[in-house]
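Me: I should like to go through this structure and ask, for each label applied to it, what the label rests on. Please set the values against the cut-offs as you reply.

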Amino acid sequence: MLSGERSRAGQTYLVRDVYFEPTLGHAPQRLADGLTTRTRQGRACLVETHRFNFLQAADASLAALEAGLHTALAVCPHVRFLTPLELAHAIEKRDPAWIEGRLRRRLAVWRVRLDEVPRFRRMARLSGLALPLAWLGRSA
């Protein structure tokens with residue numbers, strides 16, 4: 001299941017991919033790290049947290065969330081926030097304010113995603129695919 005994928009019933013999936021559970025010891029830096037990774041991948045950063053964090057140790061968890069958001073804003077000052085419904089609509093409509101449409105930039109982020117596949121970089125070098133992929137990494 002991928003964010004933006006559609007079910008047979010027509011609903012749009014949004015995959016939460018950055019887990020932040022302060023009660024389980026997740027540090028505020030985890031939010032900034034997740035945002036940095038997703039930005040590099042050209043993906044939305046959907047944070048998942050559960051209410052137990054804010055019931056058991058509410059003050060500490062809220063402080064950790066606030067610190068995490070401040071760290072994320074410091075790392076990525078142009079970050080923008082939207083609701084899940086707004087994100088689903090942007091994906092469905094391929095809204096150019098949120099979805100990159102230029103082919104070269106789309107290929108560049110796919111290259112970043114491929115670099116994160118275990119052993120892909122080594123196989124790309126051995127197969128001769130590394131040079132064309134390096135070209136994609138240039139800024140567009």
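Me: Why is Leu69 called partly exposed?

Reply: Its relative accessibility is 36%. The label applies between 20% and 50%, so Leu69 counts as partly exposed.

Me: Why is Ser61 called buried?

Reply: Ser61 is also found in helix α3. Buried means under 20%; Ser61 has a relative accessibility of 2% and therefore counts as buried.

Me: Which residues does Ser61 touch, not counting those up to four places away in sequence?

Reply: With those neighbours set aside, Ser61 touches Pro22, Thr23, Asn53 and Phe54. A contact here means heavy atoms within 4.5 Å.

Me: How do you know how many disulfides the whole structure has?

Reply: A search of the whole structure finds 0. Taken from Cys76, the closest cysteine sulfur is that of Cys45, at 9.5 Å.

Me: Are Cys45 and Cys76 buried or partly exposed, and what are the grounds?

Reply: Cys45 has a relative accessibility of 25% and so counts as partly exposed. Cys76, with a relative accessible area of 18%, is buried, because the cut-off for buried is under 20%.

Me: What makes Arg6 and Glu92 a salt bridge?

Reply: Side chains of opposite charge can pair when their charged atoms come close. The limit applied is 4 Å between nitrogen and oxygen, and the side chains of Arg6 and Glu92 meet at 3.1 Å, N to O. Arg6 lies in the segment before β1 and Glu92 in helix α4, so the pair ties together parts that are 86 residues apart in sequence. Arg6 is partly exposed at 46%, and Glu92 is partly exposed at 41%.

Me: How many salt bridges does the structure hold?

Reply: The structure holds 4. Among them is the pair of Arg38 and Asp17, whose side chains meet at 2.7 Å, N to O. Arg38 lies in helix α1 (residues 29-40) and Asp17 in the segment before β1, so this pair ties together parts that are 21 residues apart in sequence. Arg38 is buried, with a relative accessible area of 14%, whereas Asp17 is partly exposed at 22%. Another salt bridge joins the side chains of Arg102 and Glu100, at 2.7 Å, N to O. Arg102 counts as partly exposed at 48%, and Glu100 is partly exposed at 29%.

Me: What is the phi value of Arg94, and where is this residue found?

Reply: Phi of Arg94 is near 50°, a positive value in a residue other than glycine. Arg94 is in the loop between α4 (84-93) and α5 (103-115). Its relative accessible area is 47%, so Arg94 is partly exposed.

Me: Which helices and strands make up the protein, and in what order do they run?

Reply: The protein has 7 helices and 2 strands. From the N terminus on, their order is β-α-β-α-α-α-α-α-α. Of the 140 residues, 24% are buried. Among contacts with a separation of 6 or more, 59% join residues 24 or more positions apart.

Me: In which elements is confidence lowest and highest?

Reply: Confidence is lowest in helix α7 (residues 130-136), with a mean of 59, and highest in α4, at 94. The average pLDDT of the protein is 87, and 91% of the residues score at least 70. Where pLDDT is low, the predicted coordinates should not be read in detail.

Notes:
Residues are numbered from 1 along each chain as its sequence is written. This is a predicted model: local features need pLDDT of at least 70, side-chain atom pairs count only at pLDDT 80 or more; totals for chains, interfaces and linings use all residues. Side-chain values use heavy atoms; hydrogens and water are left out. Buried means under 20% relative accessible area, exposed over 50%, partly exposed in between (1.4 Å probe, protein chains only). A disulfide is a pair of cysteine sulfur atoms within 2.5 Å. Helices (H or I, at least four residues) and strands (E, at least two) are DSSP runs, numbered from the N terminus. pLDDT is the predictor's confidence in each residue, from 0 to 100.
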